[in-house]
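Here's a quick briefing to read alongside the sequence and the model. Take a look at the structure, then work through the points below.

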Amino acid sequence: MASKQQNRQELDERAKQGETVVPGGTGGKSLEAQEHLAEGKSKGGQTRREQLGTEGYQEMGRKGGFSTMEKSGEERAEEEGVKIDESKFAT
């Protein structure tokens, strides 16, 4: 049975070869770098949710979910008759 240290070394080697071994760690050149990237992405979302409140954060996500390469979320929501209440996420 491989030790925890051996497993980390193996993951680090795979990361150095360009493989993403930590969810959210895309672009990290080592296991540690990928862990830091993933942690930062998680904290960023939590911070934004705290700033906007849960309801505002969800409303902003709805708007983003409507966006496409051709149209912004606002344009597409208008076309489909969906009301996005921007006052919920305006800071």
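Asp12 sits in helix 1, which covers residues 4-16; helices here are DSSP runs of H or I with at least four residues, strands are runs of E with at least two, and both are numbered from the N terminus. A heads-up before going on: this is a predicted model, where local features need pLDDT of at least 70 and side-chain atom pairs count only at pLDDT 80 or more, while totals for chains, interfaces and linings use all residues. Residues are numbered from 1 along each chain as its sequence is written, and side-chain values use heavy atoms, with hydrogens and water left out.

**Asp12**
- Asp12 counts as buried because its relative accessibility is 18% (buried is under 20% relative accessible area, exposed over 50%, partly exposed in between, with a 1.4 Å probe and protein chains only).
- Leaving aside residues up to four places away in sequence, Asp12 touches Ser30 and Leu31 (a contact means heavy atoms within 4.5 Å).
- With Leu31 there's a specific reach, too: the Asp12 side chain gets to the backbone nitrogen of Leu31 at 2.9 Å.

**Glu59**
- Glu59 belongs to helix 2, residues 31-66.
- Is Glu59 buried or exposed? Glu59 is buried, because its relative accessibility is 7%.
- Not counting residues up to four places away in sequence, Glu59 touches Lys83, Ile84, Asp85, Lys88 and Phe89.

**Glu78**
- Glu78 is found in helix 3, which spans residues 73-79.
- At 61% relative accessibility, Glu78 counts as exposed.
- Glu78 and Thr20 are 58 residues apart along the chain, and their C-alpha atoms are separated by 38 Å.

**Overall fold**
- The chain has three helices and zero strands, so from the N terminus on you read α-α-α.
- Its radius of gyration is 19 Å, whereas a compact globule of 91 residues would be near 12 Å (taken over C-alpha atoms; the globule rule is 2.2 Å times the number of residues to the power 0.38).
- Along the principal axes, the C-alpha atoms fill a box of roughly 55 × 30 × 20 Å.
- Among contacts between residues at least 6 apart in sequence, 20% join residues at least 24 apart.

**Burial and surface**
- Of the 91 residues, 21% count as buried.
- The accessible surface comes to about 6800 Å², and carbon and sulfur atoms account for 48% of that (Shrake-Rupley method, 1.4 Å probe; for residues, only the protein chains shown count as cover).

How values were computed: Polar contact = N/O pair within 3.5 Å; in protein donor to acceptor, adjacent residues only side chain to side chain.
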